[in-house]
Amino acid sequence: MIIRTLLIMLTILLFAGPYTGSNPEMDPSKRNVLVMYFDTSPSMGDIYDGNALIDFSRDLAVKLLQTAGSDDLFYIMTSDPEEKFYGNSSDAVIFISGTELYGRERDPEEIINEAENILFEYPDRNRMMLFLTDGFTQKEFPYDNDQLFPAGAFIVMHDTGHKSHSGILSADLDGKGELQIDMISSVPGNYNCEVFFDGMKIYSGGIILNEPGIESFSVNIPEERKTFSSVLIRSDNALNNIESSFYMTIPETEQKKILVTGRKDSQSVKDIQSLARVSSTQFDLEILEPEEAGSVLFDDYDLILITEITGINSFIVSNYKRFLENGGSLFFVAGDKLNLNDYNSRLVTELGFPSIKSMFRAGQGSYSGIEIKSVEHSIFKGVFHEKTVVPSTVEIYSFYLMDGEGWNSLIEAQDHPLLLEREYGAGRIFFLATGTGPEDSNIMRNGIAIPIFLNSFSYLTGKRDSNPSFFLSGDTAGFDKHLYLVPEGRPLKPNEDVYSRVFRLRSPGLYDLYDSDGSLYQKIAVNSEREDRVDYTSSIKKMADTRFFKGFEEKLNINDLFYGASIFRHFIILISVLIILELIVVRIL
């Protein structure tokens with residue numbers, strides 16, 4: 001018995017020492033300071049069983065804060081750089097309880113840098129970082145072996161994991177005056193969708209997604225529009241609180257003037273005229289014989305479509321160049337009547353057109369197919385599914401083989417560029433390497449004519465940068481004069497509303513801009529950023545003591561973050577070790 005007791009005492013003395021917990025750098029005699037990143041990005045709006053991820057995260061944060069000491073100090077950052085908190089735990093609970101989803105993700109490196117700068121100011125306290133996030137971040141969290149401060153993280157997810165997300169992905173107006181809408185979901189199901197145009201419901205229906213992915217559909221919108229028309233797309237059963245709505249503005253219907261140079265009696269010109277009638281309120285076509293190209297003022301037009309060109313001289317080329325530099329666009333169709341000498345000596349050398357090597361001609365009864373190389377381009381929006389890149393019914397019988405260096409190849413045939421794009425000055429050039437006549441291709445008798453011509457007309461004549469159809473949360477919108485920014489539907493309050501030239505757009509929605517005299521100047525739309533949902537949990541685990549949180553029922557104590565396991569848990573482990581030692585010693589003796 002004496003020997004047994006002595007052996008147990010010796011074992012205890014070998015491991016004896018003051019309790020420090022799992023964070024030996026922490027001193028229980030010091031006060032704590034914690035910098036918390038509370039993720040309020042769009043993916044935190046994902047819903048499962050009636051609760052959004054941010055609800056779980058908010059509950060977790062409040063429970064932690066309620067266990068903090070009165071002397072503990074808290075800094076809280078959110079996905080919105082301007083929404084932050086500094087103070088004690090009771091005020092921090094109030095702040096967290098009032099947080100809402102923000103429409104943009106935040107750079108993890110920015111979060112880390114700001115947290116470290118704060119903690120540097122408190123050398124006499126226990127210092128720690130804490131991250132409450134779903135792991136879907138903008139990019140990987142930076143990891144450094146010499147990390148300055150200890151960090152903890154709670155990865156918040158539903159009890160089924162990251163499986164429940166759906167919402168309106170995007171919307172755009174195509175060349176036919178139809179609204180093309182993309183809905184995305186990770187969960188198959190039937191989703192309701194409504195579309196409101198200037199407050200009037202113009203569509204209501206169910207969108208069926210049989211498998212995870214994207215489903216596209218189109219909605220006709222009225223041709224008659226206000227000076228600034230607004231669109232709201234809403235899904236009332238989408239599985240994300242902030243991505244269940246999509247906002248955009250549509251400018252007043254304005255005919256774009258297109259100058260077509262070509263023979264009025266040619267089949268190519270007749271086909272283009274027929275196609276343009278589909279959007280008769282959008283495009284005004286004027287046909288000009290090729291020999292008369294030098295007799296008109298190009299600045300009167302938004303787009304010049306060249307189906308045939310003759311006598312390319314320095315005067316014509318300089319007019320094209322000035323037209324492009326001033327923001328106009330050219331669409332060049334390389335038919336079989338192209339004069340290669342004039343083309344190479346003028347258009348290639350002076351405007352940077354692609355140099356032509358030779359011509360491909362398919363044998364009798366054969367043809368070349370095409371491949372869409374830039375299916376994400378806006379001219380293909382709503383035409384092809386994301387995975388469809390080889391339309392099987394398009395037939396190309398002849399086309400020019402060109403050097404496409406410096407150009408963006410949108411469509412290819414036989415691995416050679418067929419439709420190319422490039423910027424020139426403030427304008428843009430499209431180049432089609434085949435003709436539109438029946439001897440060159442079946443383009444004008446095929447649905448591919450919609451993206452190649454009709455959608456391209458809208459793209460080339462649109463104001464792509466100066467008047468966006470929507471902004472993203474966090475964007476800054478600047479104007480050339482002072483204006484009032486007011487949520488749509490609320491009257492202007494000059495004594496209360498901000499009057500400025502620059503606005504930071506924080507919340508998704510529709511907004512009216514008013515002039516100083518109270519007249520409507522413009523309408524703008526703001527949407528949440530659509531996250532890619534790349535899971536960077538692995539990078540968080542490298543830099544922080546990481547736990548997974550899947551519900552409201554877990555019991556938490558903030559001291560566990562600073563000092564590791566509680567003294568009670570430490571005592572239980574010690575007693576267990578003594579019992580095991582007792583059994584081992586008895587067996588040995």
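Reader: In which strand is leucine 410 found?

Author: Leucine 410 belongs to strand E22 (residues 408-413); helices (H or I, at least four residues) and strands (E, at least two) are DSSP runs, numbered from the N terminus. This is a predicted model, in which local features need pLDDT of at least 70, side-chain atom pairs count only at pLDDT 80 or more, and totals for chains, interfaces and linings use all residues. Residues are numbered from 1 along each chain as its sequence is written, and side-chain values use heavy atoms, with hydrogens and water left out.

Reader: Is leucine 410 buried or exposed?

Author: Buried means under 20% relative accessible area, exposed over 50%, and partly exposed in between (1.4 Å probe, protein chains only). Leucine 410 counts as buried because its relative accessibility is 0%.

Reader: Which residues does leucine 410 touch?

Author: Contact means heavy atoms within 4.5 Å. Not counting residues up to four places away in sequence, leucine 410 touches several residues, including Ile372, Ile379, Leu419 and Phe430. Leucine 410 and phenylalanine 430 lie 20 residues apart in sequence, with 9.7 Å from C-alpha to C-alpha.

Reader: Which residues touch the most other members of the largest nonpolar core?

Author: A nonpolar core is a set of buried Ala, Val, Leu, Ile, Met, Phe, Trp, Tyr and Cys residues joined through side-chain atoms within 4.5 Å. The largest one holds 71 residues, and Phe331, Phe332, Phe353, Phe431 and Phe453 touch the most other members. Helix H8 (residues 449-461) supplies the largest share of this core, 8 residues. A second, separate core has 30 residues, among them Phe38, Ile76, Phe154 and Val156.

Reader: How many residues of strand E1 are buried, and which way do they point?

Author: In a regular strand the side chains alternate between the two faces of the sheet. In E1 (residues 32-38), 7 of 7 residues are buried. Asn32, Leu34, Met36 and Phe38 point one way, whereas Val33, Val35 and Tyr37 point the other way.

Reader: To which strand do 7 bridges join E1?

Author: Two strands pair if DSSP finds at least two bridges between them. The 7 bridges join E1 to strand E6 (residues 126-133), and the two run parallel; here valine 33 stands opposite arginine 127. E1 also pairs in the parallel sense with strand E4 (residues 73-78) over 6 bridges, where valine 33 stands opposite leucine 73.
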